[in-house]
Amino acid sequence: MFANQIGYYSLILGLLFSFLLCTIAIQDFNKVNKKLNENIIILTFLQLTFVIVSFFSLILSFINSDFSNETVFNNSHTTKPLFYKISGTWGNHEGSLLLWLLVLTLFIFLFLLKSNSQPKKYRILTLLFQQIIIIGFFLFVLTTSNPFNYLFPIPKEGLGLNPILQDPALAIHPPILYLGYVGASIIFSASLAAVAQNYISQEWAQHIKKWVLISWIFLSLGIMLGSIWAYYELGWGGFWFWDPVENVSLMPWLSLTALLHCIAVLERRATLTSWVVVLSITTFTLSMCGTFLVRSGLLNSVHTFANDPARGIFILIFLFVLIILSLGVFFIFHKDNNVNQNNFFWLSRETSILINNWFMMYFLSVVLIGTVYPIFLDVISSEKISVGPPFYHKLIAPFLIPFLLFMALGPRLKWIKSKIEKKYSIIIIFIISIILTFFIIKNLTTNILFYTLLLSAAFFLFFTTLKEFLTKKLNNSSQTIAHFGFSLLILSILFNGILSSEVITNMKIGEKFKFGKGEIFFKKIEERRESNFNSIIAFFEIKDLEGNVVELEPEIRVYNQPLMVTSEADIKTTLLEDKFIVMNLVKGNEYFNVRYQSKPFMVWIWISVFLLGLGGTIGLFKTRT
Amino acid sequence: MYGKKVKLRFLFLVLLLATVILTVFLILQSLKENVIYFQSPSEINSLIEIESKKIRVGGMVKEKSVVINSNKVNFIITDFKNEINVTYSGAVPNLFAEGKGVVAEGFLKDKNYFSATKILAKHDENYMPPEVKEALGVK
């Protein structure tokens with residue numbers, strides 16, 4: 001009960017502090033003193049504290065199963081394990097927006113702490129832009145999605161959390177993803193401030209790079225966690241479905257990745273200033289769009305949860321305000337005063353970065369059009385369509401070939417002007433990649449030409465980055481590791497895609513099913529009871545052609561609240577291959593629907609994303625000499 | 001007449017414009033080939049010719065229509081005006097049940113017979129796909 005009130009009033013106080021902060025900041029802006037008014041940092045800290053208090057009081061309500069709170073009532077249940085009571089806090093719309101706010105206020109506080117060496121006016125403007133976003137979100141939470149609504153009479157029991165969200169990967173997926181999404185807000189505010197102050201420079205690049213890296217790392221890991229979850233929880237055995245909800249997280253990632261590379265160019269060469277600003281604005285806009293599309297119910301996605309259109313309209317208006325504001329700032333204040341403009345030599349590192357930037361923009365537009373076009377068509381002609389994976393594969397995969405080649409060659413080039421030297425090693429690696437690919441492809445039944453090219457390009461990047469490690473030229477280890485990770489990612493996705501096999505059948509207990517690569521034996525089932533679900537555990541034996549036996553135990557869970565059936569896949573992971581089995585039961589039927597998949601190199605997909613993150617982390621801690 | 005810099009910039013702009021137009025054209029072209037249309041049983045019933053394109057059909061799974069044997073699942077999708085027989089060999093999602101909304105993806109054999117290649121899963125038992133809602137006339 002008290003937690004509810006404390007949470008609500010803390011939010012209002014937090015909003016008031018926003019206005020107070022803006023007033024003080026504007027006053028301080030015109031003062032002659034060089035240092036930032038100490039009070040501003042203190043006030044930011046207080047605002048953060050209020051949001052934290054509010055957030056924790058919501059967590060407390062969830063832990064205590066306080067059903068006088070509507071959010072708790074809608075999303076929790078007394079029999080749910082403690083861990084999922086807590087993660088239920090951000091597993092719903094209201095709570096997840098509160099988390100947005102928390103990260104927004106946390107980032108501006110950290111930014112002010114860490115930017116002591118930066119000009120005062122720039123810091124104040126960053127604060128102001130960030131506060132505009134924060135005020136927007138405060139109003140959004142308080143008016144359309146208050147997490148502290150009262151319910152009276154107080155219900156005895158809650159409605160429970162959607163069981164498929166009761167999962168460790170999904171418990172930490174939203175906070176991590178939000179750190180990435182919202183991290184883009186600081187980049188957005190800071191670059192607008194820098195434009196207004198005409199401060200887009202090498203020093204600025206060096207300072208903002210850390211923030212770009214932080215949100216890039218979290219966004220990468222966040223997307224991966226969601227992907228891992230989809231892989232084992234949704235029971236399709238895939239890790240990426242080109243579903244609109246997945247796409248909206250990929251779009252800011254693409255533009256953030258492009259930004260990360262441009263910042264490096266800006267840092268060295270003091271050029272591409274407008275492009276950096278445009279990318280900063282794009283990234284944050286896409287993050288906001290992501291929230292809007294997921295929360296408004298506009299997207300027709302397999303991940304869609306029931307939701308409310310009124311919220312969508314608020315975010316949409318807010319989004320427009322931000323876009324107009326940022327474009328206004330950009331066009332009024334931006335001066336292209338850098339010396340090196342249009343001074344790109346065709347063979348240099350910055351040129352290759354720029355080319356790959358264009359490729360990334362192309363990938364981004366493909367994903368954007370594929371995601372938005374169905375909505376657009378629905379509005380103008382009320383025709384219902386969906387865009388499937390073939391669209392994305394067809395448009396993205398061919399362009400990955402030059403993209404990978406530039407990724408391998410670019411870092412080998414010098415800044416400003418590079419020469420074509422006799423680099424035998426590169427040519428040798430290139431030939432090795434092609435030969436290796438040729439022998440691999442020969443043994444497979446796939447589209448020879450296309451896959452040979454794509455695989456060769458991926459191997460080429462793989463070997464060139466590997467060679468960097470071996471020759472111990474680790475002067476740019478973060479880039480090498482990240483690029484190595486990316487080549488590994490593409491390789492494992494390709495091999496996974498080509499070599500995966502699947503068997504789907506309906507089986508009764510005690511039956512055996514023979515297929516091309518072995519035999520499935522459905523031994524028995526057992527029943528088990530947990531606090532919030534009953535489960536049927538099945539025991540399967542998979543025998544391969546050599547006679548090796550693997551036991552797999554998939555589950556069907558019947559949750560009590562909400563009453564819902566879920567399938568839990570059982571996966572045996574080895575370095576070479578994942579064996580994946582999942583089963584379903586159709587009501588009133590003796591047949592179990594069994595899906596068995598063999599997914600080679602699955603674990604390497606996750607490992608390579610970790611390598612990407614590791615590369616980013618090293619870049620974060622390394623100070624350039 | 002114009003300086004070298006202006007000419008270069010102009011060339012750059014033309015190239016940029018050409019690339020953008022080409023990209024958009026490319027994307028829209030393959031979009032046309034790869035979109036999947038959604039149709040309700042009534043819409044299918046009023047079709048004049050059966051196309052061989054992949055489509056989605058949505059509606060309710062008719063009560064007592066699900067028949068399962070060792071390699072196939074057969075059921076009927078209805079929008080309470082018209083219905084269509086669906087046959088499917090694959091894994092059905094957990095939220096698939098009689099009397100619940102469903103979206104099936106696959107090919108039309110004729111007006112009464114649909115061969116599904118995929119049954120789409122939903123995350124939320126209260127959630128009904130917007131198309132299904134519309135097909136059923138629920139507001």
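This is a predicted model: local features need pLDDT of at least 70, side-chain atom pairs count only at pLDDT 80 or more; totals for chains, interfaces and linings use all residues.

Reader: Which residues does the assignment put in domain 1 and domain 2 of chain A?

Author: Domain 1 of chain A comes in two pieces, 2-291 + 313-342, and domain 2 of chain A runs over 501-603.

Reader: And how many residues does each domain of chain A put into the contact?

Author: Domain 1 of chain A supplies 11 residues and domain 2 of chain A supplies 16 residues. On the domain 1 side, the classes are 5 nonpolar, 5 polar and 1 charged.

Reader: OK, helices next. At what angle do α12(A) and α13(A) cross?

Author: Roughly 165°. Helix α12 of chain A covers residues 349-381, helix α13 of chain A covers residues 389-409, and their axes come within 10 Å. An angle over 145 degrees counts as roughly antiparallel, so α12(A) is roughly antiparallel to α13(A).

Reader: Is that crossing left-handed or right-handed?

Author: Left-handed, as α12(A) passes α13(A).

Reader: Which residues in α12(A) and α13(A) meet?

Author: From α12(A) you have Ser352(A), Ile355(A), Asn356(A), Phe359(A), Tyr362(A), Phe363(A), Val366(A) and Gly370(A). They meet a set in α13(A) that includes Phe391(A), Tyr392(A), Leu395(A), Phe399(A), Phe403(A) and Leu409(A). By class, this contact between α12(A) and α13(A) has 14 nonpolar, 3 polar and no charged residues.

Reader: While we're there, what about Ala408(A): buried or exposed?

Author: Buried, because Ala408(A) has 25 C-beta neighbours inside 10 Å and 20 or more is enough for that label. Ala408(A) sits in helix α13 of chain A.

Reader: What is Ala408(A) in contact with, leaving aside its neighbours within four places in sequence?

Author: Phe460(A), Leu461(A) and Thr464(A). Ala457(A) is 49 residues away from Ala408(A) along the chain, yet their C-alpha atoms are separated by 8.7 Å.

Reader: Where does Phe601(A) sit?

Author: In the loop between β11 (592-600) and α17 (602-621) of chain A. Phe601(A) counts as buried because it has 22 C-beta neighbours inside 10 Å.

Reader: And Lys64(B), is that one buried or exposed?

Author: Exposed, because Lys64(B) has 11 C-beta neighbours inside 10 Å and 12 or fewer counts as exposed. Lys64(B) lies in the loop between β2 (55-61) and β3 (67-68) of chain B.

Reader: How much of chain B counts as buried?

Author: 34% of its 139 residues. As for contacts in chain B between residues at least 6 apart in sequence, 55% of them join residues at least 24 apart.

Notes: Residues are numbered from 1 along each chain as its sequence is written. Chains are lettered from A and ligands numbered from 1 in the order in which they are written. Axes are lines fitted to C-alpha atoms, for helices over the stretch in contact, and angles run from 0 to 180 degrees between N-to-C directions. Helices (H or I, at least four residues) and strands (E, at least two) are DSSP runs, numbered from the N terminus. Angles under 35 degrees count as roughly parallel, over 145 as roughly antiparallel, 65 to 115 as roughly perpendicular and the rest as oblique. A crossing is left-handed if the near helix is turned anticlockwise from the far one by less than a right angle, and right-handed if clockwise. Two residues are in contact if their C-beta atoms, placed from the backbone, lie within 7 Å. Ala, Val, Leu, Ile, Met, Phe, Trp, Tyr, Cys and Pro count as nonpolar, Asp, Glu, Lys and Arg as charged, and the others, Gly among them, as polar. Domain bounds come from an automatic or database domain assignment.
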